[in-house]
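Colleague: I have never looked at this one before, so please take me through it slowly.

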Amino acid sequence: MKTTHHTSIEEMNFDQLFKEISPEEIVDNVFMLVGKVFPIITAGRKEHYNSMTGSGGGLGLFFKKPTTWSILRTDRYTLELIEKEQSYTMSYFADEYKEQVLFLGSKSGRDSDKMKEVALTSVQTPSGNISFKEARLIIECKLSAIIATDADDFCTQEAKDYINEAYKKPSDHRKLVFGEITHVWIKAD
């Protein structure tokens, strides 16, 4: 009788789990990626990294380069690590991991050890960035720009009113983070 050996996800390395595609080969609807399926944004290195749940942004071209952009609160610890490392990942997961994705947005990694608490398996990309073995799509980014916004930067009264209402404290303010897409990885078949 033939014995089948089942390898657990924890035993698999990055190359066994993912294959690289170009940004143009991403098949997901961009409005689903940024509006319905919240990415985990991770920055740092194997020794120390932090993740947060993203909830706004997009994909497109910035200075003729495939780019992601995200809206991050100025007090986010992950933003500090993005600025320090100048790179980050955006990881997308199947619905079965929604609880873990939301958990990473529920507390700061600055004041807790949430990366050890989350039920996801970290993995280092060939570039040295951190993502998770359970991800179905990983977008690696090189930091292009961080832009602070002000209510006067917006043209519609509705946007100005929203900004003025939402940004009552300095920690509520947001920055636009643009990252050139350097690699895209999808689950290997």
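Colleague: How much space lies in the second largest pocket?

Modeller: The second largest pocket holds about 180 Å³ of space. A pocket here is an open set of points on a 1 Å grid over the protein atoms alone, with protein on both sides within 12 Å along at least five of seven lines, while a cavity is a set where a 1.4 Å probe fits but cannot get out, and lining residues have an atom within 4 Å of a point. Points join across faces, edges and corners, and volume is the space filled by probe spheres set on them. Please keep in mind that this is a predicted model, in which local features need pLDDT of at least 70 and side-chain atom pairs pLDDT 80 or more, whereas totals for chains, interfaces and linings use all residues. Residues are numbered from 1 along each chain as its sequence is written, and side-chain values use heavy atoms, without hydrogens or water.

Colleague: Which residues line the second largest pocket?

Modeller: Its lining is made of Lys46, Glu47, His48, Tyr49, Asn50, Gly109, Ser112, Asp113, Lys114, Met115 and Lys116. Strand E3 (48-53) and helix H5 (114-117) each give at least two residues to that lining; helices (H or I, at least four residues) and strands (E, at least two) are DSSP runs numbered from the N terminus. By class, five of the lining residues are charged, four are polar and two are nonpolar, where Ala, Val, Leu, Ile, Met, Phe, Trp, Tyr, Cys and Pro count as nonpolar, Asp, Glu, Lys and Arg as charged, and the others, Gly among them, as polar.

Colleague: And the largest pocket, what is its volume?

Modeller: The largest pocket has a volume of about 380 Å³. Its lining has 17 residues, and those nearest its centre are Ile71, Leu72, Tyr162, Tyr167 and Arg174. At least two lining residues come from each of E3, strand E5, helix H6 (157-166) and strand E10, and the lining divides into nine nonpolar, five polar and three charged residues.

Colleague: How many cavities of 30 Å³ or more are there?

Modeller: The count comes to one, and this largest cavity contains about 80 Å³ of space. It is lined by 16 residues, with Val34, Pro39, Gly56, Met90 and Tyr92 closest to its centre. Helix H2 (30-35), strand E4 (57-62), E5 and strand E6 each contribute two or more residues to the lining. No charged residue is found there, the lining being nine nonpolar and seven polar.

Colleague: Let's stay with E5, then: is Ser70 buried or exposed?

Modeller: Ser70, which sits in strand E5 (residues 65-73), counts as buried because its relative accessibility is 3%; buried means under 20% relative accessible area, exposed over 50% and partly exposed in between, with a 1.4 Å probe and protein chains only. Leaving out residues up to four places away in sequence, Ser70 touches Ile41, Gly56, Gly57, Met90, Lys175, Leu176 and Val177, a contact being heavy atoms within 4.5 Å.

Colleague: Which members of the largest nonpolar core touch the most others?

Modeller: They are Ile82, Tyr88 and Ile139, in a core of 22 residues. Strand E2 (40-45), helix H3 (77-85), strand E6 (87-92), strand E9 (137-148) and strand E10 (174-187) each supply at least two of its residues. Such a core is a set of buried Ala, Val, Leu, Ile, Met, Phe, Trp, Tyr and Cys residues joined through side-chain atoms within 4.5 Å. There is also a second, separate core of 17 residues, including Phe93, Val101, Ile130 and Phe132.

Colleague: What does H3 pack against?

Modeller: Its buried residues, which are Tyr77, Thr78, Leu79, Leu81 and Ile82, pack against E2, E3, E5, E6, E9 and E10. Gln86 lies in the loop between H3 and E6 and is partly exposed, at a relative accessible area of 40%.

Colleague: Where is Phe63, and is it buried or exposed?

Modeller: Phe63 is in the loop between E4 and E5, and its relative accessibility of 71% makes it exposed. Although not a glycine, Phe63 has a positive phi of about 55°.
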